[in-house]
Amino acid sequence: MDPDAAPPSVHVIVLNWRTPEMSLQAAEAALREMQGIDGGLTIVDNDSGDGSFERMQAGVQARGWPSGRVAVVQSGWNGGFGAGNNHGIRQGLPDGRRADLVYLLNSDAIPQPGAIRALVDYLGAHPRVGIACSRLRGTDDMPHSTAFRFPSALGEFESMSRTGPISRLLSRKVVSLPQPQVSGRVDWSAGASMMIRMEVLDRIGLFDEGFFLYYEETDLCRRAARAGWQTHYVVESLVLHIGSVSTGMKEWKRAPDYWYDSRRRYFEKHHGRLGALWATVAHLGGAGVFRLRCLMSGRKPDGPPGHLAQLTRHAFRPQPKPVHVEKGKP
């Protein structure tokens, strides 16, 4: 890090979907942690249509946050996680400048003391790292698993088989990594608290808006890796994360269509059509191994009802739109 270089500016983006009070709480925590850091914060309402935009505008005004430091903007349409964050990135800082670093923060994520500074300092000390992500912990004090390898067909087979010998044999393909104890390189991590160099986005483009929800940060990290940038998990940056508030994932009885669409899009984009089909076959094969184990042990198979049938339908139906779409540059 050049000691004579000016400190980097940071643009915090909080994406809101019908959680205005929570978004304001996340913004308040972020602004507290931004003290002494150049930059600003933008809350993007992803076309909630429930009065969120007006309520957040009123909340910002009531708190006395200056317009040059905080902005509330309307995306105009709900294109999902990537599209909403892209809209915020394109806005630039509230004072009109272009930031050096973009910090994405979920509306249900609360940075703990030093969390944002830790990411800024980490990127300053590691010039090859283009994306730095926080350690996430639930409000119940349980760690969230957010350090991953890139998905692969063998990783799909391992995760679905849920069988010790297979997991040991394919240990280098397991997608979900053990909770890191020290900061270091991962393939990808969760976008709930993610800091990205603008230089990276200049090079690879913004989020692919063909992903409505899920796999978009995996895709971004993979594109960054192909361009020579590393993604690191930073244990010194702690963020409390409720999780799945906007999506309602904790109450899902079955995954929505957009999860299957995003999974297919990711595999086709990075492994081709045949590679995506092979990943689906591996997924089904792993599930078959697990069900055979259940049959032999008298255990009732678990998992979302209809999942395998839904996965198969989505994998083999015609693809209605192109696979490579990174809409717009920052």
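Guide: Glu 28 is partly exposed, with a relative accessible area of 38%, a value that falls between the 20% limit for buried and the 50% limit for exposed. The coordinates belong to a predicted model, and every value below is to be read with that in mind. Glu 28 lies in helix H1, which spans residues 20-33. Once residues up to four places away in sequence are set aside, Glu 28 touches Arg 63 and Trp 65.

All 7 of the 7 residues of strand E2 (residues 39-45) are buried, so the strand is largely enclosed by the rest of the structure. In a regular strand, side chains alternate between the two faces of the sheet. In E2, Gly 39, Leu 41, Ile 43 and Asp 45 point one way while Gly 40, Thr 42 and Val 44 point the other, and all of them are buried. Strand E2 runs parallel to E1, and 7 bridges join the two; within this pairing, Val 14 stands opposite Ile 43.

Strand E1 (residues 10-16) is also joined to E4, again in parallel, by 6 bridges, and here Leu 15 has Asn 106 as its bridge partner. Strand E4 (residues 101-106) is mostly covered, with 5 of its 6 residues buried. E4 pairs in turn with strand E10 (residues 193-197), this time in the antiparallel sense and over 5 bridges, and Tyr 103 stands opposite Met 195 of E10.

Which core includes Met 195? To place it, one begins with the largest nonpolar core, which has 42 residues and in which Ile 131, Ile 196, Leu 201 and Leu 220 have the most contacts. Helix H9 (residues 257-297) gives the most to this core, with 7 residues. Met 195 belongs instead to a second, separate core of 36 residues, which also includes Leu 41, Ile 43 and Phe 53. Its sequence neighbour Ile 196 is in contact with Asp 100, Leu 101, Val 102, Leu 104, Gly 130, Ile 131, Leu 201 and Leu 220, leaving aside residues within four places in sequence.

A search of the whole structure finds 8 aromatic pairs. One of them joins Trp 259 and Tyr 260, whose ring centres are 5.0 Å apart and whose planes meet at 90 degrees, so the pair is edge-to-face; both of these residues are buried. Another joins Tyr 266 and Phe 267, with centres 5.6 Å apart and planes at 80 degrees, so this pair too is edge-to-face. Tyr 266 counts as buried at 0% relative accessibility, and Phe 267 does so at 1%.

Two arginines are placed over aromatic rings. The charged end of Arg 265 sits over the ring of Phe 211, 5.6 Å from its centre, and Arg 222 lies over the face of Phe 150, at 4.9 Å from the ring centre.

The structure holds 0 disulfides. For Cys 221, the closest cysteine sulfur is that of Cys 133, and the separation of 5.6 Å is too far for a bond, given that a disulfide requires the two sulfurs to be within 2.5 Å. Cys 221 counts as buried at 1% relative accessibility, and Cys 294 is likewise buried, at 2%.

Asp 141, in the loop between strand E6 (129-137) and strand E7 (147-148), has a phi near 75 degrees, a positive value in a residue other than glycine. Tyr 214, in the loop between helix H7 (198-204) and helix H8 (216-226), has a positive phi of about 80 degrees although it is not a glycine either.

Definitions and conventions. Residues are numbered from 1 along each chain as its sequence is written. This is a predicted model: local features need pLDDT of at least 70, side-chain atom pairs count only at pLDDT 80 or more; totals for chains, interfaces and linings use all residues. Side-chain values use heavy atoms; hydrogens and water are left out. A nonpolar core is a set of buried Ala, Val, Leu, Ile, Met, Phe, Trp, Tyr and Cys residues joined through side-chain atoms within 4.5 Å. Buried means under 20% relative accessible area, exposed over 50%, partly exposed in between (1.4 Å probe, protein chains only). Helices (H or I, at least four residues) and strands (E, at least two) are DSSP runs, numbered from the N terminus. Contact means heavy atoms within 4.5 Å. Rings of Phe, Tyr and Trp (its six-membered ring) pair if their centres lie within 6.5 Å; planes under 30 degrees apart count as stacked, over 60 as edge-to-face and the rest as tilted. A charge sits over a ring if NZ of Lys or CZ of Arg is within 6 Å of the ring centre and within 35 degrees of the ring normal. Two strands pair if DSSP finds at least two bridges between them.
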